[in-house]
Amino acid sequence: MKGGPAAGGTPGTAAIETHGLGKRYGSQAAVDKLDLRVPAGAVFGFLGPNGSGKTTTIRMLLGLANATSGTASVLGQAMPRALDAVLPRVGALVEGPAFYPYLTGRANLHRLDAACPYAPTATRRVRVEEALDRVGLGAAAGKKVKAYSLGMKQRLGLANALLRPRELMVLDEPTNGLDPQGTREVRKLIASLAHDGTTVFVSSHLLAEVEQICTHAAVMRAGRLVAQGTLEELRSAGQAKVTILTPDAGAARTVLARLGLVPGTVEPVNDGAGPAAVTAVLPAAAVPAEDIVEALVGFGVRVRGFSVDKGSLEDRFVELTGEGFDVAR
Amino acid sequence: MSRRWVRWMPAAAMPAIVAGVVLAGPLQAQAPATVPARTAAQVLALAVASHPQPLSGTLEETADLGLPQLPAIATGGASSQSGAAGPAAGLGQLVAFLTAPHTARVYLDGAGSQRVQLMDSLAERDVVHHGTTVWTYDSAANTATKYTVSNPLRPGAATGGLAPPSSKPVPGVATLPPMAPHDANQVPGSPVQTPAAIAADILKNLDPGTAVSLGANVTVAREPAYSLELVPRTAATLVAKVTIAVDANNGMPLRVTVQAKGQDKAAFEVGFSQLTLAAPAASMFTFTPPPGATVTNSAVPLPQRSSGKTLDGGKAPVSVSGTGWAAILQAPAGTVPAGMTSTPVLAQLLQAVPGGHALSTSLFTVLVTPDGALYAGAVPLAALQQASAAR
Amino acid sequence: MLAVLAAVPVLIAVAVRLTNGTRAGHGPVFLDRITGNGLFVVLTSLVLCTPLFLPLTVGVVSGDTIAGEAGQGTLRYLLAAPAGRARLLLVKFAGTAAFTLAAVAAVVLAGTAIGLLLFPVGPVPLLSGDLVDAWTAEGRILLVGAYVVLSLLGLGAIGLFISTLTDVPVGAMAATVVLAIASQVLDALPQLDWLHPWLFSHWWLGFADLLRQPVEWSSFGSNALLQVGYLAVFGALAYGRFTTKDVLS
């Protein structure tokens with residue numbers, strides 16, 4: 001092993017950095033011009049709907065697939081050139097666990113550990129047992145993997161990634177198939193890894209998971225990176241929305257338009273008997289919210305209710321990835 | 001992308017390397033040998049004066065007579081059937097012999113003891129000649145036959161070359177240029193003869209009808225050799241050229257190549273692929289039938305083919321018409337049993353022509369008339385038909 | 001698979017024992033010699049196994065090497081370990097070679113054992129008709145075994161290459177076995193005799209040359225050269241393919 005686990009934890013350096021990374025299959029781009037930067041020590045959520053290029057990106061980062069364009073560096077070294085130097089420092093769970101069904105969980109870990117020429121043989125037995133205990137598989141380690149449930153296999157996959165102290169963990173959908181308790185344990189595991197200074201790169205299509213455990217996130221959509229940054233940055237980049245409850249919907253829209261906002265549709269409230277709700281996106285650079293009310297009142301719009309909603313991460317996620325929305329770049 | 005290209009480099013280079021190795025081998029072997037300059041007459045004299053050498057070597061025999069090629073599966077069983085002697089079995093072997101290449105190991109002690117091992121696939125046919133005894137052994141049939149020959153140094157009992165002793169001597173065999181019967185190079189009863197034996201036959205019948213010249217020197221089985229070229233002057237024969245590779249050191253013929261007219265590939269070739277000029281162990285010439293083998297003591301001496309060239313155990317005397325390369329062998333009516341031409345193996349080879357059935361190869365032709373007379377020679381079919389009609 | 005291979009000589013020996021032998025010239029080569037000498041059980045088995053059973057098992061094992069891991073998904077974890085692609089390829093080929101050795105050893109050992117058990121053993125007649133004592137014969141048999149192992153290495157390399165082409169192990173196995181059969185069919189067609197020396201199966205039954213007196217080494221040499229050639233070409237192809245391949249399974 002080259003360098004200690006602390007080396008990856010130095011703030012300011014990037015554990016993963018890509019420039020213009022792309023992967024084409026024929027004429028179709030699975031990943032396109034990806035500029036990803038995962039700061040060392042971060043717990044990085046890699047979000048995106050199924051088929052958005054997350055797993056392809058992970059395959060390229062781990063040297064399993066060749067990029068058709070661009071460059072990638074992991075732990076400061078170019079991939080896949082420095083593959084042999086980098087991968088021993090990286091623990092990975094890629095696209096679900098896979099094991100030899102006729103071997104026990106323990107034997108599988110021994111085999112995988114033996115596959116790496118850099119893994120010290122002397123400590124193998126101890127490391128395997130520790131990894132099994134860490135994912136709660138100590139009791140089931142003697143069973144053949146074909147008798148494992150999906151959740152147990154997922155845990156065994158995590159144990160494989162934990163066989164050695166790692167500077168970077170790449171976990172593709174780590175909570176897939178886990179029961180709620182298992183999911184909590186994985187979250188705790190990731191937290192403890194992060195506490196030890198390991199950079200954790202978690203891909204997921206589940207927003208809640210990312211929101212709970214990550215410090216940073218990036219969002220993929222159709223092979224392109226549409227946002228990345230700290231969770232706080234992502235949330236604040238989300239567009240606030242102003243909602244006005246008024247009987248004078250038409251007038252309110254005019255006023256909003258004059259203020260440079262783009263009013264949305266008018267939604268009737270209480271079957272159209274009462275006031276209607278007029279909404280508009282409120283960009284950060286737009287007029288302060290209080291000025292809007294003043295303007296509305298000044299134009300004689302009867303304001304029954306007024307609210308400004310800061311976008312949730314979920315809104316942001318849907319906004320970035322959902323169909324029918326313009327992707328802000 | 002350049003990295004990917006580099007990874008495919010070995011795959012691209014490897015076939016080239018293999019091709020290089022494969023091509024370099026023969027090139028090295030064919031490096032022009034430096035041998036004393038000799039005239040054609042001197043080489044001819046060298047060859048004629050050469051004595052049988054003690055040697056062990058491997059002979060490769062190939063024939064490309066323009067006959068239909070049969071899959072190995074169809075003829076492969078032929079050798080195992082030879083125990084059941086019969087015209088069909090013998091003919092099956094003949095077909096195999098005429099179409100398939102053969103490899104045989106030859107051991108000669110130079111003093112009359114001989115052993116030929118014809119190496120078949122997963123089987124072997126042996127002829128061991130020592131003193132007045134000739135053993136033949138067929139491993140596939142697990143049969144051993146003991147023959148007695150008159151004189152070790154003058155066997156006089158050589159077969160017609162291709163036919164195995166247990167089966168009927170077959171027409172067509174004798175149609176190679178007439179061979180002298182007495183030669184210590186001959187291995188009695190052997191299906192494969194040495195280049196020396198064949199060359200001796202050819203050279204002893206050399207007459208002014210043959211133009212003798214020298215070709216470019218060659219290397220045969222690592223031995224530098226002169227290339228003696230014999231070209232028939234007559235246009236009446238199918239033989240275009242006979243090339244004899246004569247060992248530059250001891251005059252021993254190392255390879256005989258017979259070229260037929262209108263065919264680039266040699267019609268018949270037998271030559272050493274490997275040769276060691278040293279006496280083999282004496283144990284090579286002692287043969288004891290292995291336990292379990294069917295042993296036959298043949299009362300009949302090995303089939304004769306000498307002064308009175310015979311077919312069918314000497315019933316029918318054969319006469320010769322014409323001379324030299326264009327000679328035609330004639331066997332009178334009744335030589336070929338009626339109905340034999342319709343046996344399956346023969347039917348495959350023979351074609352009905354005016355005046356009977358004919359076997360036409362690039363090197364020789366055989367005509368069987370309806371009354372069982374047989375004409376053969378290294379001549380076109382028309383010559384045989386003419387001879388038949390003239391009778 | 002090893003058990004099945006070991007069963008071949010046992011079946012042959014028991015069948016011959018029960019039927020009191022066969023006539024010469026019928027059935028596979030050497031079958032008729034078994035009653036006289038138990039050591040022929042091994043040779044008969046090898047004659048039977050070399051064209052079919054052994055290539056079948058070698059095709060299965062070599063076709064499974066990479067494609068099996070890919071199909072199971074374990075390939076990505078091996079490569080992420082990192083096992084190193086060239087190293088993995090080498091290990092897999094070594095495994096195939098070791099299996100080939102074990103397969104031939106199974107036939108030879110089982111054949112020798114059952115032959116000693118059911119039939120008398122004594123001096124062995126070779127193809128040339130000469131007798132050699134049983135120890136020399138066993139030495140020749142081991143040589144034949146080594147020859148057969150060597151013969152199958154080329155096929156192993158082909159299987160390894162095919163295995164890098166697909167993620168479906170059964171496909172790779174079937175393709176390898178089909179190639180082994182196709183090569184033998186082509187080898188039997190005299191019209192293609194220019195091709196014959198280039199077919200990897202061309203020398204498969206050439207081990208008979210080790211049973212002549214004296215031993216004819218030329219086929220051993222030619223076979224070794226041919227197999228090394230196949231090894232080099234298909235090994236390089238497998239390397240080129242596998243080290244540039246996208247592992248997507």
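How many bridges pair strand β1 of chain B with strand β11 of chain B, and in which sense do the two run? I will come to that in a moment, after a word on what we are looking at.

This is a predicted model, in which local features need pLDDT of at least 70 and side-chain atom pairs count only at pLDDT 80 or more, while totals for chains, interfaces and linings use all residues. Residues are numbered from 1 along each chain as its sequence is written, and chains are lettered from A and ligands numbered from 1 in the order in which they are written. The model scores ipTM 0.85 and pTM 0.82. For chain C the mean pLDDT, the predictor's confidence in each residue on a scale from 0 to 100, is 91, and 97% of the residues of that chain reach 70 or more.

Now to the opening question. Strands and helices here are DSSP runs, numbered from the N terminus, with at least two residues of type E for a strand and at least four of type H or I for a helix, and two strands pair if DSSP finds at least two bridges between them. Strand β1 (residues 55–63) and strand β11 (residues 268–276) of chain B are antiparallel, paired over 8 bridges, and within this pair A63(B) stands opposite F268(B). Both belong to an open sheet of 12 strands with mixed pairing, whose order in chain B is β7-β8-β9-β10-β11-β1-β2-β3-β4-β5-β6-β12. At its edges are β7 (210–220) and β12 (294–297) of chain B, each of which pairs on one side only.

Let me turn to chain A, where the domain assignment, which is automatic or from a database, gives domain 1 (5–236) and domain 2 (239–310). The C-alpha centres of these two domains lie 45 Å apart. Strand β1 (residues 14–25) of chain A has several antiparallel partners, including β2 (residues 28–34), joined to it by 4 bridges, and β5 (residues 69–74), over 5 bridges. Y25(A) has Q28(A) as its bridge partner in β2(A), and G22(A) stands opposite S69(A) in β5(A). In the hairpin of β1(A) and β2(A) there are 2 residues between the strands, and G26(A) takes a positive phi near 65°.

Next, the interior. A residue is buried if 20 or more other C-beta atoms, placed from the backbone, lie within 10 Å of its own, exposed if 12 or fewer, and partly exposed in between. A nonpolar core is a set of buried Ala, Val, Leu, Ile, Met, Phe, Trp, Tyr and Cys residues joined through C-beta atoms within 7 Å. The largest such core has 170 residues, and those touching the most other members are F44(A), V170(A), F201(A), V202(A), V107(C) and F234(C). Apart from it lies another core, of 81 residues, among them L108(B) and M252(B).

Finally, consider I66(C), which sits in helix α2 (residues 40–72) of chain C. Why does I66(C) count as buried? It does so because 31 C-beta neighbours lie inside 10 Å. Contact means C-beta atoms, placed from the backbone, within 7 Å, and, leaving out residues up to four places away in sequence, I66(C) touches L75(C), K92(C), S163(C), T164(C) and F242(C).

Technical notes:
Two residues are in contact if their C-beta atoms, placed from the backbone, lie within 7 Å.
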